[in-house]
Amino acid sequence: MSEFSSEHYVINIGRQYGSGGREIAFKLGERLGIKAYDTEIITETAKRSGFSPEFFMKSDEKVKKFSLFSAFRQGVQYESTNFMDSNELFRIQSETIRSLAKAGSAIFVGRCADYILRDHPRIANVFISAPDEARVERVSRRRNISADEARSLIEQTDKKRAEYYNYYTFGEWGVAHTYHLCIDSSVLGIDGTIDYILSFIDKKINILSK
(Lines give C-alpha, C1' and ligand atoms only; values in the text may rest on other atoms or scores of the structure.)
Protein backbone atom coordinates (compact mmCIF):
# COMPACT_ATOMS: atom_id res chain seq x y z
CA MET A 1 0.00 0.00 0.00
CA SER A 2 1.35 3.42 -0.95
CA GLU A 3 2.29 5.93 1.73
CA PHE A 4 0.70 8.62 -0.47
CA SER A 5 -2.99 9.48 -0.68
CA SER A 6 -4.76 8.54 -3.91
CA GLU A 7 -6.68 11.83 -3.56
CA HIS A 8 -3.52 13.75 -4.42
CA TYR A 9 -1.54 13.78 -7.64
CA VAL A 10 1.99 14.76 -8.56
CA ILE A 11 3.49 16.13 -11.78
CA ASN A 12 7.26 16.02 -12.10
CA ILE A 13 8.96 18.24 -14.66
CA GLY A 14 12.44 17.41 -15.90
CA ARG A 15 13.94 19.99 -18.23
CA GLN A 16 16.85 20.94 -20.40
CA TYR A 17 18.30 24.28 -19.35
CA GLY A 18 16.75 27.05 -21.40
CA SER A 19 13.77 24.98 -22.56
CA GLY A 20 11.27 26.96 -20.49
CA GLY A 21 10.59 24.02 -18.17
CA ARG A 22 10.38 26.10 -15.02
CA GLU A 23 8.00 28.61 -16.58
CA ILE A 24 5.85 25.77 -17.87
CA ALA A 25 5.76 24.13 -14.43
CA PHE A 26 4.63 27.28 -12.63
CA LYS A 27 2.05 28.26 -15.24
CA LEU A 28 0.77 24.70 -15.13
CA GLY A 29 0.44 25.04 -11.37
CA GLU A 30 -1.56 28.24 -11.81
CA ARG A 31 -3.88 26.53 -14.29
CA LEU A 32 -4.45 23.61 -11.92
CA GLY A 33 -4.53 25.63 -8.72
CA ILE A 34 -1.71 23.65 -7.10
CA LYS A 35 1.73 24.58 -5.79
CA ALA A 36 4.82 24.26 -7.98
CA TYR A 37 8.23 23.79 -6.38
CA ASP A 38 11.63 24.53 -7.86
CA THR A 39 14.12 26.40 -5.64
CA GLU A 40 11.24 26.54 -3.16
CA ILE A 41 12.23 22.96 -2.32
CA ILE A 42 15.56 24.31 -1.08
CA THR A 43 13.89 26.94 1.10
CA GLU A 44 11.51 24.38 2.56
CA THR A 45 14.28 21.83 3.15
CA ALA A 46 16.43 24.43 4.88
CA LYS A 47 13.54 25.42 7.14
CA ARG A 48 12.85 21.82 8.11
CA SER A 49 16.48 20.79 8.60
CA GLY A 50 18.00 23.83 10.29
CA PHE A 51 20.63 24.30 7.61
CA SER A 52 20.98 27.60 5.77
CA PRO A 53 19.35 27.89 2.32
CA GLU A 54 22.76 28.88 0.90
CA PHE A 55 24.17 25.51 1.95
CA PHE A 56 21.54 23.62 -0.01
CA MET A 57 21.82 26.04 -2.92
CA LYS A 58 25.52 25.19 -3.30
CA SER A 59 24.64 21.51 -3.53
CA ASP A 60 21.58 21.94 -5.74
CA GLU A 61 21.52 19.20 -8.41
CA LYS A 62 25.24 18.54 -7.92
CA VAL A 63 27.18 15.56 -6.55
CA LYS A 64 29.95 16.58 -4.11
CA LYS A 65 30.97 16.90 -0.44
CA PHE A 66 30.38 19.94 1.73
CA SER A 67 31.92 21.07 5.00
CA LEU A 68 29.53 21.75 7.85
CA PHE A 69 31.69 24.75 8.80
CA SER A 70 29.09 27.20 7.48
CA ALA A 71 26.11 24.91 7.07
CA PHE A 72 24.08 25.96 10.08
CA ARG A 73 22.32 29.21 10.66
CA GLN A 74 24.02 31.72 12.92
CA GLY A 75 23.92 30.71 16.59
CA VAL A 76 23.84 26.95 15.99
CA GLN A 77 26.89 24.98 17.11
CA TYR A 78 28.92 22.96 14.62
CA GLU A 79 32.16 21.00 14.31
CA SER A 80 34.40 22.23 11.49
CA THR A 81 35.87 18.72 11.08
CA ASN A 82 32.51 17.28 10.07
CA PHE A 83 31.49 16.79 6.48
CA MET A 84 28.17 15.99 4.91
CA ASP A 85 28.28 14.37 1.51
CA SER A 86 25.74 14.81 -1.24
CA ASN A 87 24.08 11.49 -0.41
CA GLU A 88 22.99 12.82 2.98
CA LEU A 89 21.85 16.10 1.44
CA PHE A 90 19.86 14.14 -1.13
CA ARG A 91 18.24 12.12 1.66
CA ILE A 92 17.22 15.26 3.56
CA GLN A 93 15.81 16.92 0.44
CA SER A 94 14.01 13.71 -0.52
CA GLU A 95 12.22 13.70 2.84
CA THR A 96 10.98 17.23 2.13
CA ILE A 97 9.72 16.26 -1.33
CA ARG A 98 7.88 13.21 0.05
CA SER A 99 6.39 15.29 2.85
CA LEU A 100 5.09 17.91 0.40
CA ALA A 101 3.62 15.20 -1.84
CA LYS A 102 1.85 13.64 1.14
CA ALA A 103 0.35 17.01 2.09
CA GLY A 104 -1.34 17.68 -1.26
CA SER A 105 -1.15 17.72 -5.04
CA ALA A 106 2.00 19.40 -6.32
CA ILE A 107 4.36 20.00 -9.23
CA PHE A 108 8.08 19.41 -8.72
CA VAL A 109 10.80 20.74 -11.01
CA GLY A 110 13.86 18.50 -11.27
CA ARG A 111 15.73 17.18 -8.21
CA CYS A 112 14.92 13.55 -9.03
CA ALA A 113 11.35 13.98 -7.76
CA ASP A 114 10.09 11.44 -10.29
CA TYR A 115 12.36 8.82 -8.72
CA ILE A 116 11.74 9.91 -5.13
CA LEU A 117 7.96 9.74 -5.67
CA ARG A 118 7.99 6.66 -7.91
CA ASP A 119 5.53 4.85 -5.60
CA HIS A 120 2.94 7.63 -5.77
CA PRO A 121 -0.35 6.19 -7.13
CA ARG A 122 -1.14 9.25 -9.29
CA ILE A 123 1.97 10.56 -10.98
CA ALA A 124 2.97 12.01 -14.35
CA ASN A 125 6.63 12.49 -15.29
CA VAL A 126 7.29 14.99 -18.07
CA PHE A 127 10.54 16.07 -19.72
CA ILE A 128 10.78 19.44 -21.50
CA SER A 129 13.36 19.92 -24.24
CA ALA A 130 14.05 22.41 -27.02
CA PRO A 131 16.54 22.78 -29.89
CA ASP A 132 19.93 24.27 -29.03
CA GLU A 133 19.24 27.43 -31.01
CA ALA A 134 16.02 28.14 -29.15
CA ARG A 135 17.64 27.51 -25.78
CA VAL A 136 20.63 29.70 -26.55
CA GLU A 137 18.35 32.55 -27.62
CA ARG A 138 16.21 32.19 -24.50
CA VAL A 139 19.12 32.03 -22.04
CA SER A 140 20.99 34.83 -23.78
CA ARG A 141 17.95 37.11 -23.59
CA ARG A 142 16.97 36.17 -20.05
CA ARG A 143 20.47 36.53 -18.56
CA ASN A 144 21.66 39.31 -20.89
CA ILE A 145 24.73 37.38 -22.00
CA SER A 146 26.27 36.55 -25.37
CA ALA A 147 25.23 33.53 -27.39
CA ASP A 148 28.59 31.86 -26.72
CA GLU A 149 28.22 32.44 -22.98
CA ALA A 150 24.68 31.09 -23.08
CA ARG A 151 25.79 28.00 -25.00
CA SER A 152 28.54 27.29 -22.46
CA LEU A 153 26.15 27.77 -19.53
CA ILE A 154 23.60 25.42 -21.11
CA GLU A 155 26.22 22.71 -21.63
CA GLN A 156 27.52 23.01 -18.06
CA THR A 157 24.07 23.04 -16.48
CA ASP A 158 22.72 20.11 -18.47
CA LYS A 159 25.89 18.11 -17.70
CA LYS A 160 25.46 18.67 -13.95
CA ARG A 161 21.75 17.82 -14.09
CA ALA A 162 22.45 14.61 -15.99
CA GLU A 163 25.21 13.55 -13.59
CA TYR A 164 22.99 14.27 -10.59
CA TYR A 165 19.96 12.45 -11.97
CA ASN A 166 21.87 9.42 -13.26
CA TYR A 167 23.82 9.07 -9.99
CA TYR A 168 20.80 9.01 -7.69
CA THR A 169 18.20 7.29 -9.83
CA PHE A 170 20.30 4.85 -11.88
CA GLY A 171 18.11 6.10 -14.73
CA GLU A 172 18.95 8.22 -17.76
CA TRP A 173 18.27 11.93 -17.62
CA GLY A 174 16.49 13.21 -20.71
CA VAL A 175 16.02 9.78 -22.29
CA ALA A 176 12.47 9.05 -23.45
CA HIS A 177 11.91 5.74 -21.64
CA THR A 178 12.59 7.47 -18.29
CA TYR A 179 9.45 9.63 -18.56
CA HIS A 180 5.78 9.35 -19.41
CA LEU A 181 5.92 12.29 -21.81
CA CYS A 182 8.77 14.11 -23.58
CA ILE A 183 7.91 17.30 -25.43
CA ASP A 184 9.78 19.97 -27.41
CA SER A 185 8.52 23.31 -26.07
CA SER A 186 9.57 25.16 -29.25
CA VAL A 187 6.94 23.36 -31.34
CA LEU A 188 3.82 24.64 -29.57
CA GLY A 189 5.29 27.46 -27.51
CA ILE A 190 4.98 27.77 -23.74
CA ASP A 191 1.19 28.06 -23.55
CA GLY A 192 0.60 25.44 -26.23
CA THR A 193 2.94 23.06 -24.43
CA ILE A 194 1.00 23.57 -21.22
CA ASP A 195 -2.26 22.78 -23.01
CA TYR A 196 -0.74 19.60 -24.42
CA ILE A 197 0.62 18.50 -21.04
CA LEU A 198 -2.75 19.15 -19.42
CA SER A 199 -4.49 16.98 -21.98
CA PHE A 200 -1.95 14.19 -21.51
CA ILE A 201 -1.92 14.11 -17.73
CA ASP A 202 -5.70 14.28 -17.58
CA LYS A 203 -5.82 11.06 -19.57
CA LYS A 204 -3.08 9.49 -17.44
CA ILE A 205 -4.13 10.46 -13.92
CA ASN A 206 -7.62 11.94 -14.39
CA ILE A 207 -7.17 15.39 -12.86
CA LEU A 208 -9.54 17.77 -14.62
CA SER A 209 -12.73 16.01 -13.58
CA LYS A 210 -11.79 16.03 -9.90
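A salt bridge is a side-chain nitrogen of Lys or Arg within 4 Å of a carboxyl oxygen of Asp or Glu, and in this structure Arg 22, Asp 38, Glu 40 and Arg 111 are linked in a network of such bridges. The model is a predicted one, in which local features need pLDDT of at least 70 and side-chain atom pairs count only at pLDDT 80 or more, while totals for chains, interfaces and linings use all residues. Residues are numbered from 1 along each chain as its sequence is written, and side-chain values use heavy atoms, with hydrogens and water left out.

We can begin with the sheet. Helices (H or I, at least four residues) and strands (E, at least two) are DSSP runs, numbered from the N terminus, and two strands are said to pair if DSSP finds at least two bridges between them. Five strands form an open sheet in the order 2-5-1-6-7, and their pairing is parallel. At its edges stand strand 2 (35-37) and strand 7 (181-184), each of which pairs on one side only. Strand 2 pairs with strand 5 over three bridges, one of them setting Lys 35 against Ala 106 in strand 5. Strand 5 also pairs with strand 1, here over four bridges, and Ile 13 stands opposite Val 109 of strand 5. On to strand 6 (residues 123-129), strand 1 (residues 10-15) pairs with it over six bridges, and Asn 12 has Asn 125 as its bridge partner there.

Buried here means under 20% relative accessible area, exposed over 50%, and partly exposed in between (1.4 Å probe, protein chains only). Val 109 counts as buried because its relative accessibility is 0%. Leaving aside neighbours within four places in sequence, Val 109 is in contact (heavy atoms within 4.5 Å) with Ile 13, Arg 15, Ala 25, Tyr 37 and Asp 38. Of these residues, Tyr 37 lies 72 residues from Val 109 in sequence, and the C-alpha atoms of the two are 6.1 Å apart in space.

Two helices come next. Helix 7 (residues 147-169) has 23 residues, which at 1.5 Å a residue should span 33 Å, and its end C-alpha atoms are 32 Å apart, which agrees; the expected span is 1.5 Å times one less than the number of residues. Its buried residues include Ala 150, Ile 154, Tyr 164 and Tyr 168, and what covers the buried residues of helix 7 includes strand 1, helix 4, helix 5 (113-116) and helix 6 (132-143). After helix 7 comes Phe 170, whose phi is positive, near 60°. Helix 4 (residues 86-103) has 18 residues and reaches 26 Å from its first C-alpha to its last, and among its buried residues are Leu 89, Phe 90, Ile 97 and Leu 100.

Asp 195 is partly exposed, with a relative accessible area of 40%, and Arg 31 counts as partly exposed at 49%.
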